[in-house]
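Here's a quick look at how two chains meet. Have the viewer open and follow along.

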Amino acid sequence: MSDRPTPHTVSTPQESGPGALLYAPAPESRAVVSLRAAYGHFIDGEFTEPGEKTLVSVNPADEEKLAEVSVATEADLDRAVAAARRAYDGVWSRTSPSERGKYLYRISRIIQDRARELAVLESLDNGKPIKETRDVDIPLAAAHFFYYAGWADKLPFVSPGVPAPRPLGVAAQVIPWNFPLLMLAWKIAPALAAGNTVVLKPAETTPLTALAFAEICQEAELPPGVVNIVTGAGATGRALVAHPGVDKVAFTGSTEVGREIARTLAGTPKRATLELGGKGANIVYSDAAIDQAVEGIVTGIFFNQGHVCCAGSRLLVQESVAEEVMHRLKERVARLRLGDPLDKNTDIGAINSAAQLARIQDLAEAGRDEGGEQWSPPCELPSRGYWFAPTVFTGITQAHRIAREEIFGPVLSVLTFRTPEEAVEKANNTPYGLSAGIWTEKAGRIPWTANRLRAGVIWSNTFNKFDPTSPFGGYRESGYGREGGRHGLEAYLNG
Amino acid sequence: MPDTTGPATRAPSAPAHSNAALRALLDSLPGVDEAGVHARVADLATRSVKTTAKARAIDLAISMVDLTTLEGADTPGKVRALCTKALLPDPTDRTVPPVAAVCVYPDLVRVAVRALESTPVGVASVASAFPAGRAPLEVRLLDTRYAVADGATEIDMVIDRGAFLAGDYRKVYDEIVAVKEACDRSDGPPAHLKVILETGELAGYDAVRRASWLAMHAGADFIKTSTGKVSPAATPAVTLVMLQAVRDFRAETGRQVGVKPAGGIRTTKDAIRNLVMVNETAGPDWLDPHWFRIGASSLLNDLLMQRAKLTTGTYPGPDYYSAD
Amino acid sequence: MADTATAPEPASTAPAPAPATAPAPVSRRLPVHKTYKLYLGGAFPRSESGRSIPVTSSDGAHLANAALASRKDARDAVVAARSAFGPWAARSAQLRGQILYRIAEMMEGRRAHFVQETVDAQGIDEAPAQDLVSAAIDRWVYYAGWTDKIAQVLGGGNPVSGPYENNSSPEPTGVVAVLAPQDSPLLGLVSVLAPVIAAGNTAVVVASERAPLPAVTLAEALATSDLPGGVVNILTGRTAELAPTLAAHADVNALDLAGAGDLATQLETAAAATLTRVLRPEPFPDWHALPGLARITPFLETKTVWQTVGR
């Protein structure tokens, strides 16, 4: 790829004074990334020739084509699953646990070695800011492999009362576009540590870091077939999940698709882990550390353009401080820098796809139609690419669509409450149950609230923090099973 | 008094004069979550200021330096040299702006004033029994009056941390008010008062925020982190909390107060991180030597070296700049 | 509800022989037969449908009429279980254990009654029936001991990077619909029900269709054991009629398919619509085996709480 000038840099208008002088464009170089024009699948340790039917992966920041990837056919899937089965029977299940762990350690190290390249590639393919890929996605992906590497030879300690757990076999893994490489790590690391082999399908719009990961598997000399990567869209994912040769399904994505997968697996012996949607409540009590709460609100909904299943998309703020919090929040949001994802000073990057942008626009329109008051800071959007300004809706009740449906974009719905009981009731008044936030300086109120929230991950005085040791996953229609930590391994082992 | 450039037009609210009233006032401030402050600092530290932006930032930082010497061994000769450097930081490059002020002990104010007469560079003096502040109030006031009489345009005083930590807010408040009065001068505008919180001796960020508000209510023109004699001095997190305090104080009272981190800021990178924090916390209104100072001694040479690197493309060695 | 349980019968009372098989002596006292009803929200109502179904022993003799629960009864049971869930989950773990132990005590007091019902239902001799009842009682004792250990064994701190405390703890998933095993009307029932409520869930149980009487008698033990009303709700009737309603019910959080038989796939498909957790049936369950955590963990969620650390 040629090293082109950055397409878009936007400075937000409040910086017309001396502050405007402080930042110049600081683009990360694209030269570190080299892409092929077209990719096949990664099956049995080798890249196949690009298929006849392809998808184009574009840079959502400028709509330029990055590469073509192949759409897997039934035959491709059969070969991938067969390769995984052969590797499971012939190699991986016969590899000593400590040696399995060492492959994972190697992979972790290579991800660290290639961190810059992977960060730039992820930003290009996804549209998220380089500071997030550099400081969050890629380091966490490496950390996940490092963490699970150490589990490989300690499986008798995973589940109490299960001294000799057995792997499940071949895992079919389907991952989303919001954290492409990180979700790959969440899926592949525990599966391999537990002794399974995998066939993974990255998302249609963000396949490139998964294909780079395939190269990393080669570099790590991972036995052929242990990891197979097939590309394609929803139909490919459906076919992979339904493939009779797989023993385990792990999926992260929408609740709609999650339901479909659960139906597909009914009556089969396949086990499933589903990480689905959310409509997380971020509860700000009147005694909160306001400045940090405002940071947490911003992190909660604008991190990764709001393309986060555990986003704090519903702000529940205690009425007595609502005005002050909103004032500070708007001042803070006005300082967010939207623009070129590769610019090191960009806080808000591009929306991942035209389809996602349309959905966000639809729901914002619904918010306006239902009487919500929409606010965004003055913010010039680049003319090419997919962009949506950070947006705050006030005048919202639990009945509004934008307070109920997952938007998966940089759109915050603000509601108020008067009592802790009301906060909990509103927070739980959703079919989802993935995440929630609690902001208070009162020690006892944190567990009081946390105990009552029906959500799998609760952040107190922080938000959107992740760690390989920390189990992640939802209650209710946010899915089932946990990823991360000891719990994450249980999904890949039989008792 | 500095201009009031804030949006609000309310008069500064003078709190009632009892400890209880002051405590109620300070306790009403929102708490500060330490992990959250550190996370924000770390986030702001990733801002990349390069090329043209870096050149502008370096010049801005130079113009904000309070070039400081506070050693027992200070001599009139050393202070004169410092003043020369303050006016013309890089004798080989006259495009380098002068620093904001020199900062010296009271007995050397007269030397500095003479050297800087009719120049834009101010003379700041640490007065009121610097650095511990452990002297009777009368002594501290006399110390201040002498420095002002000798021509100091800025006075840096340190609060009584013991009284603050013991909850005797009234004592701290009254002393600031008294020193502020001692900054008055019959023959001209009063000296600006910078109130040093000595944050390294305050326990945590809640105390930093409260001490900031106490000092501002008592009339501080600037709030300053540290004497430089106590470690830790100006950590980025402390500066961030103080920047939030001046922002909030202006919103509430309409009066703008300056911030001066001092001690521990040694490199251009440190200085630029401070400017980023100013810009994104208090806001661009504070990106001005009237409202933000950096108390430092060795920082200036690093700024000059980085500046030379940007203009000439090569790094000069430290020996190209005077060591004082 | 006005309709309440019959008083616990003395252990010496034999189950009613089929009436009218022999003319009673003039002086003989006419026994008072138990009416087998549903157990809903702590009360013992008949089916709202007014229907009942005759229950026969394994050799075909009429034993009693049981209530034939309707879909409406099933929905009412879910409502009762939902409203009982919060308070039950919030009870201290040890108090839940004490209540489960109390259930064992109450069963022991009805031992003879359970034994006779087991003999009738399963067509076995008294000695093995005694063993089954003992195992069922001991199962409550086993799970009574689990209640305050689950969080310690399954939860704990996670050593995350950064200034954070991070703890994961298991929590009950909510309302669990339990299709009790068809062929093990007492031990099988207790084996699937006890772990569900030990973990803090509340349950809607569909009793063994063919042999529902032990389930109703168990309900009487539950009702006299300090178990809050609504924590366990027991429906008797046709599994095929009730189970689809429960499987598709959006307010049911989990589904134990132990007694689903051929319906299992259909029910799992229905449950998918609301991501209801499903415990699939085992092909050859051994209800005598010590279960460990295997029937507890499917009905738990893991909640992970982060908290900042600072002065």
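## Polar contacts and salt bridges

Across the interface of chain C and chain A there are 28 residue pairs in polar contact, both residues at pLDDT 80 or more. A polar contact here is a pair of N or O atoms within 3.5 Å, where one must be able to donate a hydrogen and the other to accept it, and residues adjacent in sequence count only if both atoms are side-chain atoms. The model is predicted, with local features needing pLDDT of at least 70 and side-chain atom pairs counting only at pLDDT 80 or more, while totals for chains, interfaces and linings use all residues. Side-chain values use heavy atoms, leaving out hydrogens and water, residues are numbered from 1 along each chain as its sequence is written, and chains are lettered from A and ligands numbered from 1 in the order written.

The same interface has two salt bridges (a side-chain nitrogen of Lys or Arg within 4 Å of a carboxyl oxygen of Asp or Glu). One pairs A:Arg482 with C:Glu301, with 3.5 Å between the closest N and O atoms.

## Strand to strand

(Strands are DSSP runs of E, at least two residues, numbered from the N terminus.) Strand 10 of chain C runs parallel to strand 18 (residues 457-460) of chain A, and four bridges join them. In one of these, A:Ile458 partners C:Val305.

## Buried area

Chains C and A bury about 3,000 Å² between them, 51% of it on carbon and sulfur atoms (accessible area, 1.4 Å probe, lost on being put together, summed over both). C:Leu275, C:Lys303 and C:Trp306 supply 23% of what chain C buries against chain A, more than any other three residues.

How values were computed: Buried area is the accessible area (1.4 Å probe) that two parts lose on being put together, summed over both. Two strands pair if DSSP finds at least two bridges between them.
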